[in-house]
Amino acid sequence: MGEDGAVTSAPQRPEGPFPAPRLIATDLDGTLLRDDKSVSPRTVAALAAAEEAGIEVFFVTGRPARWMDVVSDHVHGHGLAICANGAAVVDLHAGREFVRVRALARATALTVVETLRAAVPGTSFAVETTDGINYEPAYPPFFQDPGATVATAEKLLREEEDGSAAPVLKLLAHHAELSPDEFLAQARTAAGAYASITRSSPTALLEISGLGVSKASTLELCCAERGISPAEVVAFGDMPNDIEMLRWAGTSYAMGNAHPDVLAAASGRTVANDEDGVAVVIERILAERTVRGESA
């Protein structure tokens, strides 16, 4: 999902050393998935081979749990996925059941809304909860949800303040005129003290989570529960919401189609998502394990 001008073409083979990882963490859109949102047969085979070799695979995505059907059939072992940029861990083997939620407090979300309305006029909002998404009349519904409530963000966030409302996973903010990176910079300056603000869309669409909630911090929690250190993790990504995860992992790969900031953050590079860049790296990791005589 490259943008902001031409992306430097990736090498034909991924760079960097190939450690003996215990866990692979991969983004989905623009990374594991091809541009048509499919998982290629080569990638399916590589994921299965990694699991067979004893390497756990975590899908780590900005997608909500309800959009995980595209990879549900390719989750082995633990069955867990990190969704909503770290705000939720879901069990794909148990019908996308939430096993961990790191919610954005409604009062904090209201503060962010108020702050961005004043600092960046023209911003519209949507509210993603564990039950689904609701949005303002001016917010572009990129994916129509017939069950959505349409109202101001203030009304959506103040509903059921007694605590009975579904937890808020993230606040979405859209701007029709600013460039994506300009909007991100302005929002972080204005409201970055209240929440974690990032983006993964080619449009000016921001994703706002609880302060300190990110793909990296939730992946760190999941790894700690398994006794897995950052040095034993290989991560893949393509957009700004992947940067913290790529920096945290001992070995990380930016896709050939990645945002320039992602290319700068990763320790290595692979080919683009449409060229099965994740599979290319997994295949080489497994080949080197075989050469060294390693096994699960």
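Helices (H or I, at least four residues) and strands (E, at least two) are DSSP runs here, numbered from the N terminus. By that count, the protein chain holds 10 helices and 13 strands. This is a predicted model: local features need pLDDT of at least 70, side-chain atom pairs count only at pLDDT 80 or more, and totals for chains, interfaces and linings use all residues. Residues are numbered from 1 along each chain as its sequence is written, and side-chain values use heavy atoms, with hydrogens and water left out.

**Burial and contacts**
- Of the 296 residues in the protein chain, 56% are buried (under 20% relative accessible area; exposed is over 50%, partly exposed in between; 1.4 Å probe, protein chains only).
- Take the contacts (heavy atoms within 4.5 Å) with a separation of 6 or more: 61% of them in the protein chain join residues 24 or more positions apart.

**Cysteines**
- How many disulfides does a search of the whole structure find? It turns up 0, a disulfide being a pair of cysteine sulfur atoms within 2.5 Å.
- Cysteine 223 is in no disulfide, and the nearest cysteine sulfur, on cysteine 222, sits 7.0 Å away.
- Cysteine 223 counts as buried at 0% relative accessibility.
- Cysteine 83 is buried too, with a relative accessible area of 1%.
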